Amino acid sequence: MEEQQSPFQAAIKPGLTIGLVSLALTFIAYFIDSTLLGSAWFGLVAIVLFFVLIIYFGKQYRTEIGGFMSFGTAFNFSFITMVISGLVGLLGQILLFQVIDPSLAGVLADQAFENALGFMENLGQDPDALDPAVLEKMRTDTAASFTLAGQLKNFGFGLIVYAIIALILGAILKKRDKSLDY
């Protein structure tokens, strides 16, 4: 009789796979045009791919454990997969922003700042009406998110987002055995 893997054990391979796919997309976008990394559509494509892959691997795991999975098991599998994937991505981004192209952080920070100003304008706020000190604070905060400490802090906040996404994915992946109902 084959012993079933725990959600942690089962999540290692998918987490590494998703992390490496994410990293490959990041480096491909970087080599094509580094400003793609700051575009909204690239982020949207990455998030959709992230969801699809976790659901795919989650359904695969559910099949391996007998076709049924509790919400808790599905949540644990999803969360651990995302954490492992996030760690792989974090290591790759640290390598990209700190070693390969340290100037990229400045380019993306400027792009993110301009995107934020454009978003404010779309909401009816005139960025020129803001206090210059507030604008400068926005610019320095945006740039700080690309430093090593900023990347680590963002990963910490990302864990909260991962937990929320894992709740959603847990609800999607769970499947109870209705034959056990009385």
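Me: Where does Met 138 sit?
Reply: Met 138 lies in helix α5 (residues 132-144). Helices here are DSSP runs of H or I with at least four residues, numbered from the N terminus. This is a predicted model: local features need pLDDT of at least 70, side-chain atom pairs pLDDT 80 or more, while totals for chains, interfaces and linings use all residues. Residues are numbered from 1 along each chain, and side-chain values use heavy atoms, without hydrogens and water.

Me: Why is Met 138 called partly exposed?
Reply: Its relative accessibility is 23%. Buried means under 20%, exposed over 50%, partly exposed in between (1.4 Å probe, protein chains only). So Met 138 counts as partly exposed.

Me: Which residues does Met 138 touch?
Reply: Contact means heavy atoms within 4.5 Å. Leaving out residues up to four places away in sequence, Met 138 touches Phe 113, Ala 116, Leu 117 and Met 120.

Me: What makes a nonpolar core, and how many residues has the largest?
Reply: A core is a set of buried Ala, Val, Leu, Ile, Met, Phe, Trp, Tyr and Cys residues, joined through side-chain atoms within 4.5 Å. The largest has 24 residues. Ile 18, Ile 54 and Tyr 61 are among those with the most contacts inside it. Its largest share, 8 residues, comes from α3.

Me: How do you know what kinds of residue line the largest pocket?
Reply: Ala, Val, Leu, Ile, Met, Phe, Trp, Tyr, Cys and Pro count as nonpolar, Asp, Glu, Lys and Arg as charged, the others as polar. The lining divides into 22 nonpolar, 14 polar and no charged.

How values were computed:
Helix = DSSP H or I, 4+ residues; strand = E, 2+ residues; numbered from the N terminus.
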